[in-house]
Amino acid sequence: MKRAEKPVVGLTSDTHDAVHILRCNLGGASFFLQKKSYFDAIAKSGGVPVLVPAFDNPSRTDDYLGLIDGLILTGGFFDIDPALYGEKPIKEMGPLKRARTNMEMRITRKALKLSMPILGICGGHQLINVVFGGTLYQDLQTQMGRRRLKHEQSRPSNRAVHRVQIAKGSRLHGLMGQREIKVNSTHHQAIKDVGKGLLVCARTGDGVIEAVESADDGPFLVGVQWHPELLLENDSPSRRLFAGFMRECRLRKIGSSRGNAR
Ligand code: MN
């Protein structure tokens, strides 16, 4: 494939300060960054990954929409402000990253309007639900009661730990070609009420929603609670998910180069 034909995929950035990342101050420097595994997964699937920064002024990210053919909403060690889904925080809620969440809410809404393919991973999957008016469990352990499965795994996160059942006939089912897969799990929150316009396409045996997709046949919109980018190496369902997303990004790129989209 010629380089020019590769779709460009935006990865939403995390925000950290130097003390957190490097254990030194660097004059109070802060960073826009994201895990290498996301970049690797996109590159291995035939795309060109670029980082979409979480500027304090979220409108500054709008320029990226003209550069990218698809968007991946990433996860991170933080929670979405429950005020955004009409709830007060409980004490088990994790840290918030307001600039990041504001940027991600805004770019997701804009990307949806542009019919851009979107893949949400972990926190990104939860964000899609909030954008569609859904709610989250702020802490599974506290709010969902006793469960059989451990959703914050202690094994390395590139190991699958629990099974998910995929809804028959869903887009995810079409991509995976199977009704059950084994995934990793590094989340303490999960979707509670599903946003209008979304369909639950995977659950665990203990009832936790593990994937959603658009309820219509519109542009690619899938959110997964697990981390396929960490499983990609040895897991064909993860490769198929990325390949399916990339196929849509490529189609969009071809369409836009002919002057159809954008
Ligand atoms: Mn899980």
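With which residue does Arg-100 form a salt bridge? The partner is Glu-104, the closest N and O atoms being 3.1 Å apart; a salt bridge is a side-chain nitrogen of Lys or Arg within 4 Å of a carboxyl oxygen of Asp or Glu. The model is predicted, so local features need pLDDT of at least 70 and side-chain atom pairs count only at pLDDT 80 or more, while totals for chains, interfaces and linings use all residues. Residues are numbered from 1 along each chain as its sequence is written, and side-chain values use heavy atoms, with hydrogens and water left out.

Arg-100 and Glu-104 are four residues apart in helix α3, so about one helical turn separates them; helices (H or I, at least four residues) and strands (E, at least two) are DSSP runs, numbered from the N terminus. Glu-104 is buried, with a relative accessible area of 2%, and Arg-100 is buried at 0%, where buried means under 20% relative accessible area (1.4 Å probe, protein chains only).

Asp-14 and Arg-100 also meet through their side chains in a salt bridge (3.2 Å, N to O). This pair links distant parts of the chain, with Asp-14 in strand β2 and Arg-100 in helix α3, 86 residues apart. A salt bridge between the side chains of Lys-97 and Asp-14 has an N to O distance of 2.9 Å. Lys-97 lies in the loop between β5 (70-73) and α3 (98-113) and Asp-14 in strand β2, so the pair ties together parts 83 residues apart in sequence. Lys-97 counts as buried at 15% relative accessibility, and Asp-14 is buried at 6%. The structure holds 13 salt bridges.

Technical notes: Buried < 20%, exposed > 50% of the residue type's maximum accessible area, 1.4 Å probe, protein only.
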